[in-house]
Amino acid sequence: MEHITRIIEGCIAKDYKCQKIVYEHYRGFVLRIIFRYIYRYEKAIDVMNDGFVKLFNSFHDFKPVNDEDNEKILMGYIKRIMINTSIDALRKGDMLPEIGGIPEHAWRIPSEATNPDQLLLYKDLIVLVKRLPPQYRMIFNLYVIDGYSHLEIAGMLNISVGTSKSGLSRARSILQHSIKMIESAII
Amino acid sequence: MISPGNDMDELFQKAAVEYPVRQDGNEWNSIAVRIAASPVIPKQKKGRRKYTGLVIFFFSIGMLSSLLTQLTMQKTAVVVSKNWNIDINTNAPGTIASVIDHQLFTRSGSKPTASLYSHGDLSVNGVRATISRIERPGYEELEINQNDINRTKKMEHAVGSSNKEIESSLKEQTLLLDGVLKGNDGQPTLPARNHHKYRGLFGGIVAGPQLNEVRSQGMGRTNLSIGILGGYQFSKRFVIETGILFSKKAYFSDGKYFHMKNSDPSMPSDMKVMTIDGRSHVFEIPVKLRYNLVAKPKSLVFSAIGFSSYILTKEKNDYVTMRNGNLGQMTSNYKDVNRYIAATFNLSAGYEHKLGKRNSIRLEPYIQIPVKGIGVGSMPVTSAGLHIGIFWDKK
């Protein structure tokens, strides 16, 4: 994003225009993070909006460094806030497993996409992740996709390191089973 | 075929960045309203407050303990004779202790051993003794026990005897030296006897953490096992024990160890259980034979084998299922009471230490190997844990 440092300073100063730019620019990035954690599309949108409110209310804690690194640092900062917001939302739901399918209107393959088959595959893989029990889903997302260590995950989810490791192993086992079923169905 | 591990992880990482989620709709206006309405809350120094609270708490405990120690600390008098040192508690008015209160006699080469004991107790060269009233009015009895040898040596003194009379009387009596009672001529009179008397009933309460797993698939959440145990020791080495314990078992398993035939009717026959997260409430009745490997006066080391029967009162399972190629989830609660006789084979080893004449504390790590499956899916649950217990005996 151009003039990132100025935009960040604007957000720190609570300039709505800068905040709107950040919202519109990172909306897709944020939704892709949150929709991995939150099962329902509508609920994911709500959590995303909550996340942006938290982000803009806590921008004074963000410390910009230099133009080159600011965008990466900002994306990391946004990601952390959105993940925490997603975890809070899941906890409020008592970590109950969700039922029902994911409606087709939650997905959209751009007409200009050069590799629609690959996007469909990615969609199916994310659906498999979303169908994991909430605790396994969180651990798998945090460890495999978002790059947190088991120690960090244990602190975030208030579980032991052992529980984090066993949760990851179980999530992988379920996903591997599911992938095998899909592959054998295709064959 | 996608292999587990790095291949799978990389695929999911790519999918997470590029998967096609719909991003239509712009709710900036509602977000802007919320931002405008919400005040900025400065970060609270919760951490500092928490740590300050902990410091105050532990400081208070320390001050309180110190104060209590000061209040309960009792004056002692030390009487040292040629052969032994005696520290006597002086809180009992009209007793031997009060007669020699604040008296201190030393001889060259002898060092007093100041020890604090509860009311009416004394020590002779570190040997515990008690002062108690005897049946004959006006006289007091001094009972000496060395290293838990239950040997009484009684010396009678009229209440109000002078220091010199008491000292002289104590000198004349049988003294406890080197762990063996010796008479005035220095010859041993009675052999030391192990305080662990044989043949008797005992009982106690135990509690401790327990972990459970099904076929080495990883331990579930740590839970507590608590209950009462009792038994009978019928020789120096052999003890039989039983009791009743309550524990919550939590475990995870691949669906292949879950036997569908016992499951509930809400599970269609073509539904496959992929994984199960189980929790159950279990009353356990162990029966075990204990062998004392090492039996010392104040401690013993033992090993035990036995069986446990279970009464399962409650079970809750979270299933991940597959049906017609679709993954699903379901949770089932089962409240039927089921009994499993000799469900596990138990192995344990332990250490027991005497706390007094009749009390002891026990540490016993154990493992329970399943003989039968339990629960709706007949899950073979292995349990391992540690029991910490306080026991009393009637020996």
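Trainee: What should I know before I start?

Mentor: This is a predicted model, in which local features need pLDDT of at least 70 and side-chain atom pairs count only at pLDDT 80 or more, while totals for chains, interfaces and linings use all residues. Residues are numbered from 1 along each chain as its sequence is written, chains are lettered from A and ligands numbered from 1 in the order in which they are written, and side-chain values use heavy atoms, with hydrogens and water left out.

Trainee: OK, how many residues of chain A are in contact with chain B?

Mentor: There are 56 residues of chain A in contact with 45 residues of chain B, where contact means heavy atoms within 4.5 Å.

Trainee: And how much area is buried between them?

Mentor: About 5100 Å² is buried between chain A and chain B, with carbon and sulfur atoms giving 61% of that; buried area is the accessible area (1.4 Å probe) that two parts lose on being put together, summed over both. On the chain A side, R32(A), Y122(A) and R170(A) supply 14% of what chain A buries against chain B, more than any other three residues.

Trainee: Which residue does R170(A) form a salt bridge with?

Mentor: Its partner is D277(B), with the closest N and O atoms 3.8 Å apart, and a salt bridge here is a side-chain nitrogen of Lys or Arg within 4 Å of a carboxyl oxygen of Asp or Glu. The count between chain A and chain B is 3 salt bridges.

Trainee: Switching topic, what about salt bridges inside chain B?

Mentor: One of them pairs R362(B) with E241(B), whose closest N and O atoms are 2.5 Å apart. This pair links distant parts of the chain, with R362(B) in strand β17 (residues 359-370) and E241(B) in strand β12 (residues 238-254), 121 residues apart; strands are DSSP runs (E, at least two residues), numbered from the N terminus.

Trainee: Are those two buried or exposed?

Mentor: Both R362(B) and E241(B) are buried, which means under 20% relative accessible area, as against over 50% for exposed and partly exposed in between (1.4 Å probe, protein chains only).

Trainee: Which other residue does R362(B) meet in a salt bridge?

Mentor: R362(B) also meets E364(B), at 3.3 Å from N to O, and E364(B) is buried as well. Salt bridges that share partners join E241(B), K288(B), R290(B), E352(B), R362(B) and E364(B) into one network.

Terms used:
Helices (H or I, at least four residues) and strands (E, at least two) are DSSP runs, numbered from the N terminus.
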